[in-house]
Amino acid sequence: MDRDVRTTTRRAGAGSVMLIAVLMLAETNHAFEQNMVSIALPHLYADFGDPVAVGWSITGYALVAAATAATAGRLGDVLGRRMVLAGSLLLGTVGSFVVVFWPTLAGLITGRAIQGFTGAILGLAFGIARERMGEARAGQAISLLAGTALVGGTLGQLIAGTMLDRWGWHSMFYFSAALALISTILAVVVVPPSPRRGTLRDVDFLGGTLFAVIITLLLLAFTVARAGAAGRVVGSLLAAAVVIGALFTSWSLRHRNPAIDLRAFRVKRVAIAHAAMLVASLGVMSTFVSFSVALQTPSVVGIGLGATALVTSLFMGIPSLIGGGVFSPLSGRLARRYGAGVSMLLGASIVAVGSVTLLLTSRTSIGLPVGIAFTIFGVGALYAAIPVLLLRATPEERTSEAGNLNQVVKAVGLAVGPILVSALLATNVVQVGQRPFPAPNAHSAVFMLSTVAAALLIVLSLVAIRVERGIPRREGGTAPDPVTDTERGTTANPVSGTNPGAVPA
């Protein structure tokens with residue numbers, strides 16, 4: 001009998017490893033598609049000649065990814081996560097083939113927009129891992145998946161760069177189509193079917209649509225502002241977003257089962273996790289734009305190494321691999337043993353070390369790469385800690401929705417942040433021959449932004465630690481129990497949707 005138990009245990013362990021491997025492959029697909037075009041922009045400019053129009057290949061992806069992340073999570077909770085995961089991957093395959101067979105600017109923008117449906121993958125993967133592995137092992141799995149988002153983006157840039165040099169930008173879409181198709185097949189074969197929790201009638205399509213429109217209007221406003229559109233156009237888009245935002249808030253607070261449960265923000269850990277992701281994406285991850293520019297800037301400017309594109313990829317890629325492969329799992333272990341707030345504090349402190357190093361020593365050949373490396377290491381730790389903090393305060397049946405909302409917050413930060421960083425870099429420019437380069441003090445302004453963001457993340461981490469210490473611990477373990485009325489500050493349940501004034505679903 002003991003032998004049968006051991007055999008069953010080994011099989012369960014092997015099945016979990018295979019499941020996580022497939023989910024990591026799926027997230028690698030998302031990370032690759034998210035980052036593949038950025039390195040190909042010079043080639044696309046040369047082929048199509050209009051940088052603003054080409055930019056829609058990135059903006060269109062971001063718009064659809066943000067909208068999809070807001071709605072697909074709830075669909076996964078209702079219809080089954082495997083079904084929605086496979087559908088997202090399949091749409092990523094379709095988007096790649098659209099570009100392959102329609103290699104025009106319109107085809108590029110259309111295909112990239114369809115690829116944006118893969119934006120739901122990470123939140124769905126979180127839900128599947130938690131559903132199949134239980135609370136005890138889900139924390140480490142979530143850390144691995146979060147690290148994959150960082151490592152996958154790095155590998156995507158390296159693979160895309162290699163293919164660009166040899167076969168042109170079209171080759172990237174052949175690769176992404178094959179990767180997405182393989183991921184789809186493995187998801188159907190390996191991922192167990194999820195239980196259905198309700199029907200399509202239980203999905204708040206109106207709330208999801210309103211939220212998608214708000215995100216679209218905000219991203220459009222920032223996009224056209226960056227392109228130099230008239231102030232009244234930007235103002236009109238922002239005003240429309242505010243009006244629709246008010247309608248969305250009213251609807252969501254009254255609905256029994258909203259697409260985005262704003263009542264969950266009453267839970268302190270949920271609010272801290274979303275705030276931390278916004279600060280990290282807007283104030284830290286967005287500064288990676290400055291890293292790439294600084295590394296390739298000639299040293300005669302006063303900052304920079306004059307590195308080639310390949311060397312720049314290595315300077316940023318190797319720390320990303322270490323951040324995702326070492327610091328993310330380490331952060332997950334710390335979160336499981338001491339609480340997610342401690343892991344967040346580790347990541348925020350490492351980011352602070354990197355940012356201060358850049359602020360003080362970025363004009364030296366040692367300080368610049370060392371500061372960049374430490375900043376990326378810290379992001380790797382934060383990538384693992386923030387989702388753990390969030391999902392420990394989220395009911396299992398709403399996991400994908402909560403995870404995807406966190407990805408939407410990140411998408412908004414990554415839409416706004418690069419605009420701010422670009423504006424700071426443009427404040428002071430030095431001409432070297434016919435090429436302009438941001439001056440050292442312009443980069444220093446960006447590094448100051450990252451330093452301030454790191455300080456805010458440290459404060460949020462300390463608040464998270466205090467909140468977690470006030471939550472009862474699981475019997476025989478150290479991880480805090482799910483949300484309690486004490487943490488919420490109310491006897492109502494903001495996550496399940498219990499609300500005296502609710503509108504029937």
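**Close-up views of a predicted model**

**View 1. The largest nonpolar core.** Of its 72 residues, Leu23, Leu85, Val191, Met344, Ile372 and Leu457 touch the most other members. A nonpolar core here is a set of buried Ala, Val, Leu, Ile, Met, Phe, Trp, Tyr and Cys residues joined through side-chain atoms within 4.5 Å. Buried means under 20% relative accessible area, exposed over 50%, and partly exposed in between (1.4 Å probe, protein chains only). Helix α6 (residues 121-167) gives the most to this core, 13 residues. Helices (H or I, at least four residues) and strands (E, at least two) are DSSP runs, numbered from the N terminus. The model is predicted: local features need pLDDT of at least 70, side-chain atom pairs count only at pLDDT 80 or more, and totals for chains, interfaces and linings use all residues. Residues are numbered from 1 along each chain as its sequence is written, and side-chain values use heavy atoms, with hydrogens and water left out.

**View 2. Around Leu457.** Leaving aside residues up to four places away in sequence, Leu457 touches Ala276, Val279, Ala280, Val284, Ala348 and Leu382. Contact means heavy atoms within 4.5 Å. A second, separate core has 19 residues, including Ala66, Leu217, Leu219 and Ile260.

**View 3. Aromatic pairs.** The count comes to seven aromatic pairs. Rings of Phe, Tyr and Trp (its six-membered ring) pair if their centres lie within 6.5 Å; planes under 30 degrees apart count as stacked, over 60 as edge-to-face and the rest as tilted. Phe32 and Phe175 are edge-to-face, because their ring centres lie 5.2 Å apart with planes at 65°. This pair links distant parts of the chain: Phe32 sits in helix α1 (residues 2-35) and Phe175 in helix α7, 143 residues apart. Phe32 is buried at 2% relative accessibility, whereas Phe175 is partly exposed at 30%. Trp169 and Phe173 also pair edge-to-face, with centres 6.1 Å apart and planes at 85°. Trp169 is buried at 3%; Phe173 is buried at 1%. Phe288, Phe291 and Phe447 form one aromatic cluster.

**View 4. The loop at Arg201.** Arg201 lies in the loop between α7 (170-190) and α8 (205-226). Its relative accessibility is 75%, so Arg201 counts as exposed. Val78 is 123 residues from Arg201 in sequence, yet their C-alpha atoms are 9.6 Å apart.

**View 5. The whole protein.** The secondary structure comes to 17 helices and two strands. Buried residues make up 53% of the 505 residues.
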